[in-house]
Amino acid sequence: MVKVTVWNENRHEQKNPVVKSIYPNGIHTTIASFLEEAGYDTLTATLEQPEHGLTYEVLENTDVLIWWGHLAHNEVEDEIVQKVYEKVLQGMGLIVLHSGHFSKIFKKLMGTSCDLKWREAAETERLWVLDPTHPIVEGIGEYIEIDQEEMYGEHFDIPTPDELVLVSWFKGGEVFRSGCTFKRGNGKIFYFRPGHETYPTYHQKEVQKIITNAVSWANRSKRNYPSYGHHEPIESLKD
Ligand code: ZN
């Protein structure tokens with residue numbers, strides 16, 4: 001069974017009654033429960049826990065890590081970011097959601113500013129499927145529509161994604177690469193844009209389906225981890 005850890009800074013839920021009413025037990029709990037229903041073995045972790053809930057044991061037992069953060073990116077300890085980074089290179093999957101574009105871990109893995117345009121105006125977002133063959137959009141129609149979302153607009157300062165799965169259109173006129181895949185070392189990364197905390201985005205079935213599919217796509221490979229460093233010749237080097 002795929003082991004998923006859902007990480008959330010869990011701050012808006014404490015401060016903002018609107019967010020609290022949409023996600024009474026936190027965004028992480030909502031995400032973990034639909035993943036649990038989909039048959040994954042789930043765990044949650046939050047910023048205020050010791051080591052932000054990402055202890056050696058937790059990371060050892062995580063095939064795919066999901067990341068939601070916004071207000072407190074700078075409070076995430078560099079030491080933990082380094083551990084997560086190494087785990088990704090070793091093959092752990094990572095799904096970065098919404099404002100996680102500015103998380104330390106995403107910026108470290110991308111190597112760019114990850115900056116973008118934004119506007120909070122409760123506008124319609126239409127996410128178009130660009131690659132109908134991609135497993136992340138299995139069961140999704142030509143597009144999905146979210147009634148009210150925050151706008152993120154191009155230019156999104158990321159390296160060219162390995163695959164572009166979804167692109168968003170916003171009512172105000174902007175577009176955004178909202179479903180992007182990357183490979184770093186042995187790990188697979190999916191950035192998925194929707195999920196502003198004051199809208200019920202993670203309660204929407206199609207959004208849940210995409211995240212559920214993405215976990216399965218990002219799951220660590222079952223093949224052996226490659227060996228690095230000094231290597232004995234496979235063939236004899238003597239004439
Ligand atoms: Zn937001």
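Student: I've got helix α7 up on screen. Which of its residues are buried?

Tutor: Val207, Gln208, Ile210, Ile211, Thr212, Asn213, Ala214, Val215, Trp217 and Ala218. Keep in mind that this is a predicted model.

Student: How should I read a list like that?

Tutor: Start with the general idea: an α-helix has 3.6 residues a turn, so residues three or four places apart point the same way. Now the case here: 10 of the 14 residues of α7 are buried, so the rest of the structure largely encloses this helix.

Student: And how far does α7 reach from its first C-alpha to its last?

Tutor: It reaches 20 Å, close to the 20 Å expected for its 14 residues at 1.5 Å a residue.

Student: Okay, on to the metal. Which protein atoms are the donors of the zinc ion?

Tutor: Look for His98 (NE2), Glu150 (OE) and His196 (ND1), which lie 2.0 to 2.1 Å from the zinc. Along the chain, their spacing reads H-x51-E-x45-H. Glu150 sits in strand β6 (residues 143-153), while His196 is in the loop between β9 (187-192) and α7 (205-218), so to speak 46 residues down the chain.

Student: Are Glu150 and His196 buried or exposed?

Tutor: Both Glu150 and His196 are buried.

Student: Last one: how do I read the strand pairing around β1?

Tutor: Count the bridges and check the direction. Strand β1 (residues 3-8) runs parallel to β2 (residues 41-46), joined by 6 bridges, and parallel to β3 (residues 64-68), joined by 5. Find Trp7: it stands opposite Ala45 in β2 and opposite Trp67 in β3. As for cover, 5 of the 6 residues of β1 are buried.

Notes:
Residues numbered from 1 in each chain as written. Predicted model: local features only at pLDDT ≥ 70, side-chain atom pairs only at ≥ 80, totals over all residues. Heavy atoms only, no water. Donors = N, O, S within 2.8 Å, 3.2 Å for Na, K, Ca; no water. Helix = DSSP H or I, 4+ residues; strand = E, 2+ residues; numbered from the N terminus. Buried < 20%, exposed > 50% of the residue type's maximum accessible area, 1.4 Å probe, protein only. Pairing = 2+ DSSP bridges. Expected span 1.5 Å × (residues − 1).
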